[in-house]
Amino acid sequence: MARPIISLFSFLFILSLNTVSALPLYTYSRWIADENGTRVKLACVNWPSHLDTSFAEGLSKQPVDAIAKLITSMGFNCVRLTWPLFLTTNWMLAAVTVRQSFQSLGLDDYISGIQDNNPGLVNLSLIRALQAVVSTLGDNNVMVILDNHLSKPGWCCSETDGNGFFGDEYFDPDYWIVGLTRMATLFRGVRNVVGMSLRNELRGPRQNVENWYMYMQRGAEEVHKANPHVLVILSGLNFDTDLSFLADRPVNLTFYGKTVYEMHWYGFTDGHAWEIGNLNQVCGQVYNNVKGRSGFLLDRGLPLFVSEFGVDLRGTNVNDNRYLNCFMAAAFELDVDFALWSLAGSYYIREGVKDVEEYFGMLNSDWSSFRNPSLTERISILQTSIKGSGLSIPTLHKIIFHPATGQCLLNSGTVGPLSLGPCSDTQGWIYSSTKVLMLRGIILCIQADQLNKPAVLGSCTEPNLQWDTVSDSQMHLQSKTTDGTEVCLDVGDQSIIVTNACKCLSGDSSCDPSSQWFKIVDSLMNSSPSKESGKRRKENIRQLMTEATEGGS
């Protein structure tokens, strides 16, 4: 058995996992916060446990504790743990042991691996095994969101699999309510279970808004009644890509401070648009669509959880690679809570095929180390809170984020070159109303000196200081050199920032502009809250807790 590898770089980005000690969690405007009013950013990874075996994947290859430690070593503070509804509504399934489940599926070869790596689980019932996984995650300070992924165990999702919407073959809404209530009751008092997602990816020909309100509100009320400590997470329609109906008709619930909405965003959602279209135009259009269908909730002060996104981690899928650059910019700018798909390096069985490798999985096929360490490091910046309660100070500053690397624009003193580096090291920038980029705390501005030369810091009285955001993506920073040549910021050798000719602004679908994509983002990174603001947050959250308790009674 390969020994799990914990990479040193990941510890540089690990969230403050001691926030788990201030559980349970509440919603505070658009943020999720602990009982002290300090933001807790959910940086989760999906751990599938809903497929045919109804048993958490990977446990024939590694001990559950070793997997939990790999999760924290990658900087995740949370797991979205999927489960099938039949596990709580079909007592015959719930009572089946792990060993019996694998035997019934002809998967006897895996039993010895489970016996070797997790001897305490192999003879437990499936529901007790799920509890044991949750307990081990708690021992490692990992929060858990229980996600009802589907009803009948198996791979998800299609419009015709009988699991898509209320009234489908395997999706009786009354049984669904019963199953949610039993799961909520089972984990009541388990501190690291911080949320329950009511249903994954509602879809199919039966889906409609009226039934969404009828059943999702009913499910939310019953879960809160059974377990008032958990966040109640509501998914949208069309494979969880559409919450637009909430713009005109908010949900009507009796409790407060516990409701979160979720959405999914993959590259394949838009077919091959990322591969065949102009990337600036595709990114601008798709991002606007996402904001119109779900992202608008953040502007209305409602929490939004991107509960699934992901890419082929082999790095060979052009569509995924290009999508990810746009997603990184959006996720960083919005500072959203998220759950990456997926932790799984492989599946016991998927759609009838044994030992299927998961190329979207953060872990390799034997679950012992990272599939793509460089990408793991790149997305780690998304695990860091850059805004929100617990970080409030009177004024924001700007960060200039480079989504293709997950790094930020830094200065190397007043005379050194501009370069990319860890966002945690940025001093911050001011982007003035005249579109001048000034170093925070020092009156020095970014200048475009010459074509194909490093950008420089200089006097803020020079003429070539204006940096416009151009292209449909709004991520090209364009200026003019001293001789009037239009240039864009770009990344050169050794991560030095240079000014090159702007590329791929429109039309051309064959080129990739990502080296020239920079996102100017409001940030409170490296700022500490004042004692007074902390006091006010605690008072506000205590009031919110009181309202939540009264509303749920």
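**Note on the predicted model: sheet, hairpin, helix pair and cavities**

1. An open sheet is built from five strands in the order E19-E24-E23-E22-E21, and their pairing is antiparallel. The edges are taken by strand E19 (453-454) and strand E21 (468-470). Each of these two has a single partner strand, so one side of E19 and one side of E21 remain without a neighbour in the sheet.

2. E19 and strand E24 (residues 497-500) are joined in the antiparallel sense by two bridges. Within E24, Val 498 is the bridge partner of Pro 454.

3. A hairpin is formed by E11 and E12, with two residues between them. Strand E11 (residues 346-350) and strand E12 (residues 353-357) run antiparallel and are joined by four bridges. Tyr 347 has Val 356 of E12 as its bridge partner. In the turn, Glu 351 has a positive phi of about 50°.

4. Turning to helix packing, the axes of helix H7 (residues 173-186) and helix H8 (residues 209-226) come within 8 Å and cross at roughly 25°. Angles under 35 degrees count as roughly parallel, and H7 is therefore roughly parallel to H8. The crossing of H7 past H8 is right-handed.

5. How many cavities of 30 Å³ or more does a search of the whole structure find? There are three cavities of that volume. The largest cavity has a volume of about 80 Å³.

6. Which elements supply the lining of the largest cavity? Helix H10 (279-299), strand E9 (304-309) and helix H11 (318-334) each contribute at least two residues. H11 provides the largest share, with four residues.

7. The residues lining the largest cavity include Met 263, Trp 265, Tyr 287 and Val 290. By class, eleven of the lining residues are nonpolar and one is polar, while none is charged.

Technical notes:
Residues are numbered from 1 along each chain as its sequence is written. This is a predicted model: local features need pLDDT of at least 70, side-chain atom pairs count only at pLDDT 80 or more; totals for chains, interfaces and linings use all residues. Side-chain values use heavy atoms; hydrogens and water are left out. Two strands pair if DSSP finds at least two bridges between them. On a 1 Å grid over the protein atoms alone, a cavity is a set of points where a 1.4 Å probe fits but cannot get out, and a pocket is an open set with protein on both sides within 12 Å along at least five of seven lines; lining residues have an atom within 4 Å of a point. Grid points are joined across faces, edges and corners, and a volume is the space filled by probe spheres set on the points. Ala, Val, Leu, Ile, Met, Phe, Trp, Tyr, Cys and Pro count as nonpolar, Asp, Glu, Lys and Arg as charged, and the others, Gly among them, as polar. Axes are lines fitted to C-alpha atoms, for helices over the stretch in contact, and angles run from 0 to 180 degrees between N-to-C directions. Angles under 35 degrees count as roughly parallel, over 145 as roughly antiparallel, 65 to 115 as roughly perpendicular and the rest as oblique. A crossing is left-handed if the near helix is turned anticlockwise from the far one by less than a right angle, and right-handed if clockwise.
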